[in-house]
Amino acid sequence: MEWETVIGLEIHAQLNTKSKIFSAAATKFGAEPNSQACAVDLGLPGVLPVLNKEVVSKAVKFGLAVDAHINQRNVFDRKNYFYPDLPKGYQISQLDWPIVGEGEIEITLGDTTKVVGITRAHLEEDAGKSIHDLYDDFTAVDLNRAGIPLLEIVSDPDMRSAKEAVAYAKKIHTLVQYLEICDGNMQEGSFRCDANVSIRPMGQEKLGTRAELKNINSFKFLERAINLEVERQQDILEEGGKVAQETRLYDAVKHETRSMRSKEEANDYRYFPDPDLLPVEISDELMAQIKQELPELPQEKKARFIAEFGLSEYDADVLTSQKPMADYFEKMIVNNADHAKLCANWIMGELSASLNKHQLELVDAPITADNLSLLVNRIGDDTISGKIAKDVFKAMWDGEGSADEIIEAKGLKQMTDIGAIEVIVDEIIANNAPQVEQFKSGNEKILGFFVGQAMKATQGKANPKLLNEMLRAKLS
Amino acid sequence: MSLSEEQVGQIAYLARLSLSEEALQSNTKDLNSILSLVEKLAEIDTDGITPMAHPLHMTQRLREDKVSEEDQSESFQAIAPKIGKKHYLVPTVIE
């Protein structure tokens, strides 16, 4: 039987505020255990939560960016369950009146685009962290994470493959970084994905029973976990079984998902409005102010890169897919507006390849945008060839100095002296009579041999364009 | 609407309350009598009325995003039943 996969994602984006959502404790990552958990986070008697204004602004920014309806009146609820890292016995969340209502976002897969619906996005506090393997007979609890602000972004079940789910997750990941509301760090848990996966016979309207996949901390694992789950469900259904509605943990090491039984029976969270918090009313003034602060969004930036710098759709898409990359490009372009395409090529080519090779993020690149811009300038003004530039790039990467310093120190300046090149070319032609014959009898490819010889003789410094023209003129 | 003893038992379990057979019966009776009182509300036309989220007609005050809490973990941990090196310790929870 042919099956159709249906996927919806729940993304938890940690909002990058200085203090927590309901308390004035710090949110720094990696602090000493429990050093950033105050009386409010610990749920000690007599404390009252007070909502952080920045949390509201950041959630609204997200809502505006996905064309969502903003619920200017929204309400916090208690989600009740027992777990050691949840000291109050409830998590403050939003159920019936979330801050962000229905919205949508466009994803691109190859040549096709698709609109994915966003059901809602609501604010909630994170729980603490339980560590099970630190002590033999105890579970250790670190409450630094308790009360960290989260925006839970819930999609409609609109994705039909693991690839689509990854494209959507990446799009949201890019967006929250553009908006500067979340640092997007998946290793540190600032951006987490849960996937609701079900399958149904192709053409059937009714949705199948879904399983919720948790503990996915990279896009690669997201794709793998979904594909694994689809296979598992297919096997069950094709053998005449039934898929159980349950939460399953993904284990990246063993590449398997396993059932979290404990979560099933406690699925009744008995939500009710939190009497400690009054309904939130976002004023029209605050809405207007947030709208004004909204930065340029990825789609807008892409359109501008195409219009302003004449980049191709593809190049503009790649450059804007990550905010740091777009920023890098814009810095390069300040002194290099005439060579936009060349700048784009160098970022997407040499720079990206070197970053990959050394497993570095763009922000940690040893070559600044200004320095790479200078290098591109030297290609543009014919000081060096593109080929020599790669050597200069490597030296820059290794910290040997700026482009100009390296070109000077290594004597890499391109030969543009026609006379000097002519002497070399004449000599090569005189010494390689058989190849000259081949060219004259129509073997165009042999021209490469002459170019190679000339480059060898000049240590790659001959201007390639000049060289090609001269060789053609002299050989024919 | 009324609740069965089984439902009340389930609610008690979710709240980690241990009820004796006797307490379960009397609680079920009390809860059902409260529910029947609340049921009178069903007679009123509530179309177009925003459900009440809070009895006070006020809205939430917002706090500036500033860190003002210092690390007081030492005094908090002084009253904790058990602590390790900076961690609160609880009986092992197996997931």
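Chain B and chain A bury about 4200 Å² between them, with 62% of that area on carbon and sulfur atoms; buried area here is the accessible area (1.4 Å probe) that two parts lose on being put together, summed over both. Within the area that chain B buries against chain A, B:Gln60, B:Arg63 and B:Asp65 supply 18%, more than any other three residues. The model is a predicted one, in which local features need pLDDT of at least 70 and side-chain atom pairs count only at pLDDT 80 or more, while totals for chains, interfaces and linings use all residues. Residues are numbered from 1 along each chain as its sequence is written, chains are lettered from A and ligands numbered from 1 in the order in which they are written, and side-chain values use heavy atoms, with hydrogens and water left out.

The contact between the chains, meaning heavy atoms within 4.5 Å, takes 58 residues from chain A and 38 residues from chain B. There are 24 residue pairs in polar contact between chain B and chain A, both residues being at pLDDT 80 or more; a polar contact is a pair of N or O atoms within 3.5 Å, where within protein one must be able to donate a hydrogen and the other to accept it, and residues adjacent in sequence count only if both atoms are side-chain atoms. On the side of chain B that touches chain A, α1 (5-14), β1 (62-63), α3 (73-78) and β2 (88-91) each supply at least two residues, and β2(B) gives the most, with 4 residues. The helices (H or I, at least four residues) and strands (E, at least two) are DSSP runs, numbered from the N terminus.

How many salt bridges are counted between chain B and chain A? The count is 1, and A:Lys53 forms a salt bridge with B:Glu64, the closest N and O atoms being 3.8 Å apart; the term stands for a side-chain nitrogen of Lys or Arg within 4 Å of a carboxyl oxygen of Asp or Glu. The two chains are also joined through strands, as 4 bridges link strand β9 (residues 138-142) of chain A to β2(B) in an antiparallel arrangement, with A:Val141 opposite B:Tyr88. Two strands are said to pair if DSSP finds at least two bridges between them.

Within chain A, an open sheet of 3 strands has the order β5-β4-β15, with antiparallel pairing, and its edge strands are β5 (90-93) and β15 (272-273), each of which pairs on one side only. Strand β4 (residues 77-80) pairs with β15(A) over 2 bridges, and A:Arg78 stands opposite A:Phe272. A:Arg78 also forms a salt bridge with A:Asp274, the closest N and O atoms being 3.1 Å apart. Because A:Arg78 lies in strand β4 of chain A and A:Asp274 in the loop between β15 and β16 (280-281), the pair ties together parts that are 196 residues apart in sequence.

Two hairpins of chain A can be followed next. Strand β6 (residues 103-109) and strand β7 (residues 112-125) of chain A run antiparallel and are joined by 7 bridges; their hairpin has 2 residues between the strands, and A:Gly110 takes a positive phi near 60°. Strands β13 (residues 246-251) and β14 (residues 256-259) of chain A pair in the antiparallel sense over 4 bridges, and in their hairpin, which has 4 residues between the strands, A:His255 takes a positive phi near 50°.
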